[in-house]
Amino acid sequence: GGSASITDSATNVENDSSSGLKITLTSFMSGESFKGQSSQTISWFASGNNLKTIPIDLEYSTDNGTTWIAIANVANTGVYSWSLPAISSTTCLLRASVSDQKGNVKKTLSSAFSVDSLAPSVSLSNPIGGENVRGGSTMAINWLMVEALPATNPIEVQYTIDGGAVWTSLGTFAETGPINWTVPNVDSTDVQIRVLATDLAG
């Protein structure tokens, strides 16, 4: 008879020491952030003796491994195109398993990653519209952003002097304002300001 071992909270079950099962994930290993419902490639390397015909099981967790949801049972091709679910979580994990015909299983985990399915919310708090401002003067521009996973400098501020035909960027800024804007020396009743927000998932 062979030896039996269960390790890592029953992650691996090898009833036969000669199984030679090996599996390594080569994607989802860098703590990335992904957009919900985007298509991402899961890649792995797996080998072993007497593998099942369809030996690879792919699963994901949104709660750091407490519960697992099946993605697919696939052939050992080394790649699988995964359409991410419409979820938002910063504690996602991927689990890949390889099985042989004797019931031996070897599993491996990805690094934690994030999936974000919610667009950031941002609104201008100053100016509110209707102000009369002298060209060359300084105006404070401020905003309110709501986003669990903001990008670095997630806010872009833009202005137009022609009612929106052409927008000029003032740059990218931190999640919270304000910034001081030197109003251009123009005569216009069609000046507008807008703020755009970006999260880690893009």
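Buried means under 20% relative accessible area. The model discussed here is predicted.

Q: Why is Glu59 called buried?
A: The cut-off is under 20%. Glu59 has a relative accessibility of 16%, so Glu59 counts as buried.

Q: What makes Arg95 buried?
A: The relative accessible area of Arg95 is 13%. The limit is under 20%. Arg95 is therefore buried.

Q: How do you know that the side chains of Glu59 and Arg95 meet in a salt bridge?
A: A salt bridge needs a side-chain nitrogen of Lys or Arg within 4 Å of a carboxyl oxygen of Asp or Glu. Here the N to O distance is 3.0 Å. The pair therefore meets the definition. Side chains of opposite charge can pair when their charged atoms come close.

Q: Which parts of the chain does this pair link?
A: Distant ones. Glu59 lies in strand E6 (residues 51-61). Arg95 lies in strand E9 (residues 89-100).

Q: How many salt bridges does the structure hold?
A: It holds 1 salt bridge.

Q: Why do strands E15 and E17 stand at the edges of their sheet?
A: The open sheet has 3 strands, in the order E15-E14-E17, with antiparallel pairing. Strand E15 (168-173) and strand E17 (192-199) each have a single partner strand, so one side of each is left without a neighbour in the sheet. From one strand to the next, the twist averages 20°.

Q: How do you know that E14 and E17 pair?
A: Pairing takes at least two bridges. Strand E14 (residues 150-160) and E17 share 7 bridges, in the antiparallel sense. The two strands therefore count as paired. Among the bridge partners are Tyr159 and, in E17, Ile193.

Methods
Residues numbered from 1 in each chain as written. Predicted model: local features only at pLDDT ≥ 70, side-chain atom pairs only at ≥ 80, totals over all residues. Heavy atoms only, no water. Helix = DSSP H or I, 4+ residues; strand = E, 2+ residues; numbered from the N terminus. Buried < 20%, exposed > 50% of the residue type's maximum accessible area, 1.4 Å probe, protein only. Axes fitted to C-alpha atoms, helices over the stretch in contact; angles between N-to-C directions.
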